[in-house]
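Dear colleague,

I am passing on the structure below, together with an account of what a geometric analysis found in it. Please read the account with the model open beside you.

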Amino acid sequence: MCAKLVTYARRHLLKMTVTWFVLASAIICSCAVCADEISVQTNVYNVHYHDDPDHIPFSPLIGAEFRKSNGWLFGGALFRNSFGQFSQVIYGGYLYNFGTSPFYGKVVGGIVHGYTGAYKDKLPMNVGGFAPGIFPALGCRIGPVRIESQFFWTNGLMVTMGIAF
């Protein structure tokens with residue numbers, strides 16, 4: 001009985017992952033068509049505010065963001081979370097330009113997937129590995145280069161760098 005339950009759970013997880021991938025791909029492709037700017041980024045630094053022996057020293061990330069000239073944006077990223085688990089996020093939000101300066105702020109909200117097992121409670125409202133998240137950021141444009149500091153509330157900070165097209 002237990003083996004059947006484990007097999008069912010694995011099949012269900014595979015179906016959810018494939019559905020997640022197809023949904024994210026459809027959203028990303030449709031946003032790319034209507035974007036005024038597309039940027040790709042990776043993280044160059046991350047820090048946790050509280051030490052945990054299970055934290056990995058660096059969480060690699062690669063992401064894409066599609067921005068409209070009116071401030072709205074959509075994006076997604078693939079990354080290793082703080083505990084080394086493969087994770088993904090899709091999000092939407094708004095970018096606030098600070099006048100004519102190269103600086104901006106943004107707030108995005110979305111769905112994070114990948115915190116499972118012993119680490120499922122590290123994200124609030126995590127159901128089946130999926131949890132909502134809101135992430136504020138401060139950034140700077142230097143030509144096509146984008147540098148951002150993204151804040152994970154009381155948990156940490158990540159600095160990303162990318163190129164806009």
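His113 is placed in strand S5, and His113 counts as buried because its relative accessibility is 9%, with buried meaning under 20% relative accessible area, exposed over 50% and partly exposed in between (1.4 Å probe, protein chains only).

Please bear in mind that this is a predicted model, in which local features need pLDDT of at least 70 and side-chain atom pairs count only at pLDDT 80 or more, while totals for chains, interfaces and linings use all residues. Residues are numbered from 1 along each chain as its sequence is written, and side-chain values use heavy atoms, with hydrogens and water left out.

**The fold**

The chain has 1 helix and 8 strands, these being DSSP runs numbered from the N terminus (H or I and at least four residues for helices, E and at least two for strands). Along the sequence the elements follow the pattern α-β-β-β-β-β-β-β-β, and of the 165 residues of the chain, 38% count as buried.

The strands form a closed barrel of 8, running S1-S2-S3-S4-S5-S6-S7-S8 with antiparallel pairing, where two strands pair if DSSP finds at least two bridges between them. From one strand to the next the twist averages 30 degrees, with axes taken as lines fitted to C-alpha atoms (for helices over the stretch in contact) and angles running from 0 to 180 degrees between N-to-C directions.

Going through some of the pairs in order, S3 and S4 are antiparallel over 9 bridges, and Leu73 stands opposite Gly93 in S4. The hairpin of S3 and S4 has 5 residues between the strands, and there Gly84 takes a positive phi near 85 degrees.

S4 and S5 also pair in the antiparallel sense, over 10 bridges, with Tyr94 opposite Val107 in S5; their hairpin has 5 residues between the strands, and in it Gly99 has a positive phi near 65 degrees.

S6 and S7 run antiparallel and are joined by 6 bridges, and their hairpin has 2 residues between the strands, with Gly143 in the turn at a positive phi of about 65 degrees. Val145 in S7 is the bridge partner of Ile142, and Val145 also has Ile163 in S8 as a bridge partner. S7 and S8 pair antiparallel over 8 bridges, and in their hairpin, with 3 residues between the strands, Trp153 takes a positive phi near 45 degrees.

**Pocket and cavity**

Grid points are joined across faces, edges and corners, and a volume is the space filled by probe spheres set on the points.

The largest pocket holds about 940 Å³ of space and is lined by 41 residues, of which Tyr115, Leu123, Phe135, Phe152 and Asn155 lie nearest its centre. Strands S1, S2, S3, S4, S5, S6, S7 and S8 each supply at least two residues of this lining, and S6 gives the most, with 5 residues. By class the pocket lining has 22 nonpolar, 13 polar and 6 charged residues, where Ala, Val, Leu, Ile, Met, Phe, Trp, Tyr, Cys and Pro count as nonpolar, Asp, Glu, Lys and Arg as charged, and the others, Gly among them, as polar.

The structure also holds 1 cavity of 30 Å³ or more, and the largest cavity has a volume of about 40 Å³. Ser39, Gln41, Glu65, Arg67, Lys106, Arg146, Glu148 and Thr160 line the largest cavity, with S1, S2 and S7 each supplying at least two residues. The lining of the largest cavity has no nonpolar, 3 polar and 5 charged residues.

With kind regards

Methods:
1 Å grid on protein atoms, 1.4 Å probe; cavity = no way out; pocket = protein on both sides within 12 Å on 5 of 7 lines; lining within 4 Å.
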